[in-house]
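Here is a colleague's note to read with the model open beside you. Take the points one at a time and find each residue as it comes up.

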Amino acid sequence: MTSSHDPQLLKGVLSVVLLHLLAEQESYGYEVVQRLQAAGFSDVLEGTVYPALSRLQREGRLATRLVASPSGPARKYYRLTAAGHDALEAGTATWARHVAAVDSVLTRPLPTAPRKGH
C-alpha cells in the first residue's frame, strides 16, 4: 500500500480495521498503532488511533484491562466486547457492499479518451 491515504476514506473505515485487529489479538494502544502501520497504514499516527480506541470503548465495543509493564507504567490492553464483535460483523458487511459498488463503477469500460492537443 502507499503511505498516503485519503483521510476521509480512512475515517470511515478506521473503526472497522481497529476492531478487526483487536478481534485477532488483544493489544495495548502503541501495539495497535504498530500493527496498523505494519498492515500498510504507515501514515496513521497515535494521535488518530488513541481517540478512536477511546471512542470505541465509550461505545461499549471495547473493554480494557491494565497489565503491569516491566519497562514503565501499566499498559491498557483493548479487547472486543460482544457489541464490538457485532459492530465488526456489521462494519465488514457494509465495507464489502461499498467496495462492490465502487468497483462496479470503476471497472466499467470507458470510451476512448481524446488525445492531448485534439
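The points below go from the whole chain to single residues.

1. Please keep in mind that this is a predicted model. The protein chain holds four helices and three strands.

2. Next, look at the overall shape. The radius of gyration of the protein chain is 18 Å, whereas the globule rule gives 13 Å for 118 residues, so the chain is more spread out than a compact globule. Along its principal axes, the C-alpha trace spans about 70 × 30 × 20 Å.

3. How much of the chain is buried? Of its 118 residues, 29% count as buried. The protein chain exposes about 8000 Å², and carbon and sulfur atoms supply 58% of that area. As for contacts between residues at least 6 apart in sequence, 49% join residues at least 24 apart.

4. Now go inside. The largest nonpolar core has 22 residues, and Leu18, Leu19, Leu22, Leu36, Val49, Leu53 and Leu62 are those with the most contacts inside it. At least two residues of this core come from each of helix 1, helix 2 (29–38), helix 3 (46–58), strand 3 (72–80) and helix 4 (82–106). Which element gives the largest share of this core? The answer is helix 1, with eight residues.

5. Leaving aside residues up to four places away in sequence, Leu53 touches Leu18, Leu22, Gly29, Leu62 and Tyr78. Click on these partners in turn to see how they sit around Leu53.

6. Is Ser15 buried or exposed? You will find Ser15 in helix 1, which runs over residues 7–24. Its relative accessibility is 15%, and the cut-off for buried is under 20%, so Ser15 counts as buried. Beyond residues up to four places away in sequence, Ser15 touches Arg55 and Leu56.

7. Finally, go to helix 4, where Leu106 lies. Exposed means over 50% relative accessible area, and Leu106 has 66%, so this residue counts as exposed. Leu106 also belongs to a nonpolar patch on the surface, formed with Val102 and Val105. Together, the three residues of this patch have about 290 Å² of accessible area. As a last exercise, compare Ser15, which counts as buried, with Leu106, which counts as exposed.

Terms used: Residues numbered from 1 in each chain as written. Predicted model: local features only at pLDDT ≥ 70, side-chain atom pairs only at ≥ 80, totals over all residues. Heavy atoms only, no water. Buried < 20%, exposed > 50% of the residue type's maximum accessible area, 1.4 Å probe, protein only. Contact = heavy atoms within 4.5 Å. Core = buried A, V, L, I, M, F, W, Y, C linked by side-chain atoms within 4.5 Å. Patch = residues over 30% accessible without salt bridge, like charges linked within 9 Å, V, L, I, M, F, W, Y side chains within 5 Å. Areas by Shrake-Rupley, 256 points an atom, 1.4 Å probe, with all protein chains shown as cover. Salt bridge = Lys/Arg side-chain N within 4 Å of Asp/Glu carboxyl O. Rg over C-alpha atoms; globule rule 2.2 N^0.38 Å.
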